[in-house]
Amino acid sequence: MSTESPLRLRPLLLGIVTLGCIVCLFLVYFQPPTRWLVNPVEATVSADDMKNVFVSKTGKNLTIVLMWLFPFGIHYDLDVCGSQFNIKGCFLTSDKNFYSKANGVVFHHRDISTDLSNLPLLPRPHFQKWIWMNFESPSYTSKLPGIKNLFNLTLNYRQDADIAVHSGYIMPLEHKETFVPVEKDKLICWIVSHWRPEHERVKYFNELTKHIPVHAYGQAFGNKIPWQDYDSTITSCKFYLAFENSIHKDYITEKLYNPLSLGTVPVVLGPPRQNYENFVPGDSFIHVNDFTSPKELADYLLLLDKNEEMYLRYFEWRRHFKVRKPYIWSEHTCLVCDYLRNHKEYKTVKNLDKWYWD
């Protein structure tokens, strides 16, 4: 017995060694590839998520949009396209694990590193489109070397962008309504956060206030107001100075849509009147270019203050239309998905520098 036991155990030991070698070889040469996991984020992807991403309950492929860079690092809800905007078949995510499967990748310009080091390092899949997202004016958007031929699509406020988005929309009413603005206790208001003497709006304001009083708010005036008081402040004024910080084609921001929605007449300084009329009714605002000088504008505003019939004409458009302000980031990202689902053709931005800055 003692001489035969080792012989009987030898095949068993040989089998165990052989099996161990096979397992080691498998782990070395057949481990799952991980090179496509570029900068994985903390969130993990469950099996259910993976299933929902690639195939919906109807068997149709979903469109995957990856937010590579959140605007100013501010995260927002990405699971709203269907519930809030009726845009179906979308999967929006910030999980970089989905890079190789994403139909589109969104990059916010202000968050791109100067040396482009925080962009994907792996080659772009042939089916994937890179989307340049930016809502600042050219005056406040730095050119970055190496991006002029990098993107497939533009997500921007300009009307000629691939995906054009705005700070507000004029929508038709289902039924005609009578609109009467609330009682006002101030003539003109202005809330300004960035004050620079070289700005056209600051120069105009300085001249205007020589002829008419303006309730000005902001740090420059030692009268900063909290965000929650913005709407009530604008509502309390007959006129609001909707002065843009720079003048560029189509650059028309919430400075216009906020007073319009609150029943206050905007006095605008920005692109020409015709440009504004591409977005809002011509009788809903007053343009500084309609007057030869700030004094002439001041005289007109004083006239409207005394003549209620003339003043109320600026609200005639409210009988047929209303203002809708978008959910800035989430709605814009959902529009990316909607575009990708309806445009399968190849497209590229030939020269971003020339299109946007020149």
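Me: How many bridges join β8 to β10, and which way do the two strands run?
Reply: This is a predicted model. Two strands count as paired with at least two bridges between them. The β8 and β10 strands run parallel, and the bridges joining them number three.

Me: Which residue in β10 is the bridge partner of Lys186?
Reply: Lys186 falls in β8, which covers residues 186-191. Strand β10 spans residues 237-243. There, the bridge partner of Lys186 is Cys237.

Me: In what order do the strands of the open sheet lie, and which are the edge strands?
Reply: Five strands make up the open sheet, with parallel pairing. Their order is β9-β8-β10-β11-β12. An edge strand pairs on one side only, and that holds for β9 (215-217) and β12 (286-287).

Me: Which helix packs on the sheet, and what angle does its direction make with that of β10?
Reply: The helix is α6, residues 254-262. Helix α6 touches β10 and β11 (265-269). Its direction and that of β10 make an angle of about 165 degrees.

Me: Which cysteine forms a disulfide with Cys189?
Reply: The sulfur atoms of this pair lie 1.7 Å apart, and the cut-off is 2.5 Å. The torsion about the S-S bond is -70 degrees, a left-handed link.

Me: Why is the disulfide of Cys81 and Cys334 left-handed?
Reply: Cys81 and Cys334 bring their sulfur atoms to 2.1 Å. Cys81 lies in helix α3 (residues 81-85) and Cys334 in helix α10 (residues 328-342), so parts 253 residues apart in sequence are tied together. Both residues are buried. The link is left-handed because the torsion about its S-S bond is about -90 degrees.

Me: What is the relative accessible area of Cys337?
Reply: Cys337 forms a disulfide with Cys90, sulfur atoms 2.0 Å apart. Cys90 is in strand β2 (residues 90-93) and Cys337 in helix α10, so the pair ties together parts 247 residues apart in sequence. Buried means under 20%, and Cys337 is buried with a value of 0%.

Me: What pattern do the disulfides of the protein chain follow?
Reply: The whole structure holds three disulfides. Bonded cysteines are counted along the chain. The pattern is 1-5, 2-6, 3-4.

Note on methods. Residues numbered from 1 in each chain as written. Predicted model: local features only at pLDDT ≥ 70, side-chain atom pairs only at ≥ 80, totals over all residues. Heavy atoms only, no water. Helix = DSSP H or I, 4+ residues; strand = E, 2+ residues; numbered from the N terminus. Buried < 20%, exposed > 50% of the residue type's maximum accessible area, 1.4 Å probe, protein only. Contact = heavy atoms within 4.5 Å. Axes fitted to C-alpha atoms, helices over the stretch in contact; angles between N-to-C directions.
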